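Please look over the structure shown below before reading on. The report that follows takes up a few of its features in turn.

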Amino acid sequence: MRITTFLVAVALSVCGLATAQETDEYVNTRDGFKIFFPAAPTVKDITWTSQQNFTLPGRVYAVEKGKEHYSVTVVDYSGIEQMGIERVKTCPAGAPLCRGTALSGPGLWKHDVRGAREWAVLKLLQRDAKVTDLTWSQHDMVEGDELQLLNADQSRTYAYVAMHEMKLYIAEATVPKGSAPATLYQTSMSWVDKDGKGIRYTTMYNNEFHGMRQYPVPPHNTGVGGAQ
């Protein structure tokens, strides 16, 4: 089990961020995550095209350290239901797939949320790279996927993809050939509440069921964290 030993900085900025001063830990209350960045990241607003062609808002938190690249991409799916409802209004006659069903939701928004993690993994697999590892994982009982890629220039990318509370998270570290594996960064991705306290669920969290509120969110402990 990974044991977190870094101290969290207590000063919050106006946008809800906390960055570590002398340590590697970075806590983001706006998007509800923490990770071991090597420095305070830059933040860029983006748009993300989902598998069902919804345009969703997101942010990329990134650090460049020489030839090393670290980033967390966060995509907000919380408004997708309303987008699906609006899409149905413009569906042509005789287009049932556009309208969706009770299972898929208007405009297929439910299916889009269910497949968001796989869509992000597919995007990684489509790069000019060889997949050397792809495995199911969990960080603080939030299920996700861990990947390792050997890129065309022989650098390596270590990634973790997860969905939590209707947000898609893609954590990546790319390091040059011959560098130490970036597995610490890859496995350090975890979750915080609005006060920046670590969250660890007592049973497995699945966004399809819990983020979409098909079932109550599992109980969790705060102030803890770790991936197994």
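## A buried serine in a loop

Leaving aside neighbours within four places in sequence, S155 is in contact with L149, L150, T174, V175, P176 and K177. The model in which these contacts are found is a predicted one. S155 itself sits in the loop that lies between strand 8 (142–151) and strand 9, and with a relative accessibility of 8% it counts as buried, because the cut-off for that class is under 20%. The side chain of S155 is also joined to the side chain of D153 by a polar contact of 2.6 Å.

## Paired strands 4, 5 and 6

Strand 4 (residues 42–49) and strand 5 (residues 55–65) run antiparallel and are joined by eight bridges. These two strands form a hairpin with five residues between them, and in its turn N53 has a positive phi of about 65°. Strand 5 is likewise joined by eight bridges to strand 6 (residues 68–76), again in an antiparallel arrangement. Here the hairpin has two residues between its strands, and the turn residue with a positive phi, of about 65°, is G66.

## Helix 1 and what covers it

Which residues of helix 1 (residues 80–88) are buried? They are I80, G84 and V88. Seen down the axis of helix 1, these buried residues fall within an arc of 85°, and they therefore line one face of the helix. The cover over the buried residues of helix 1 includes strand 5, helix 2 (96–99) and helix 3 (109–114).

## The disulfide

The structure holds one disulfide, which joins C91 to C98 with an S to S distance of 1.8 Å. In general terms, such a link is a covalent bond between the sulfur atoms of two cysteines. The torsion about the S-S bond of C91 and C98 is about -80°, so this disulfide is left-handed. The two cysteines fall into separate accessibility classes, since C91 is buried with a relative accessible area of 9%, whereas C98 is partly exposed with a relative accessible area of 22%.

## Nonpolar cores

The largest nonpolar core has 25 residues, and of these F33, I35, F37, V72, Y185, M189 and W191 touch the most other members. Two or more residues are given to this core by each of strand 3 (33–35), strand 5, strand 6, strand 9 (156–164), strand 10 (167–175) and strand 12 (198–201). Strand 10 gives the most to this core, contributing four residues. Another core lies apart from it and has 22 residues, among them L124, V161, M166 and L168.

Nonpolar side chains tend, in soluble globular proteins, to be buried together.

## A residue of helix 4

Is E118 buried or partly exposed? E118, which lies in helix 4 (residues 116–125), is partly exposed, with a relative accessible area of 48%. Although E118 and G144 are 26 residues apart along the chain, their C-alpha atoms are separated by 9.7 Å.

Methods: Residues are numbered from 1 along each chain as its sequence is written. This is a predicted model: local features need pLDDT of at least 70, side-chain atom pairs count only at pLDDT 80 or more; totals for chains, interfaces and linings use all residues. Side-chain values use heavy atoms; hydrogens and water are left out. A disulfide is a pair of cysteine sulfur atoms within 2.5 Å. Buried means under 20% relative accessible area, exposed over 50%, partly exposed in between (1.4 Å probe, protein chains only). Two strands pair if DSSP finds at least two bridges between them. The arc is that of the directions from the helix axis to the C-beta atoms. Contact means heavy atoms within 4.5 Å. A nonpolar core is a set of buried Ala, Val, Leu, Ile, Met, Phe, Trp, Tyr and Cys residues joined through side-chain atoms within 4.5 Å. A polar contact is a pair of N or O atoms within 3.5 Å; within protein, one must be able to donate a hydrogen and the other to accept it, and residues adjacent in sequence count only if both atoms are side-chain atoms.
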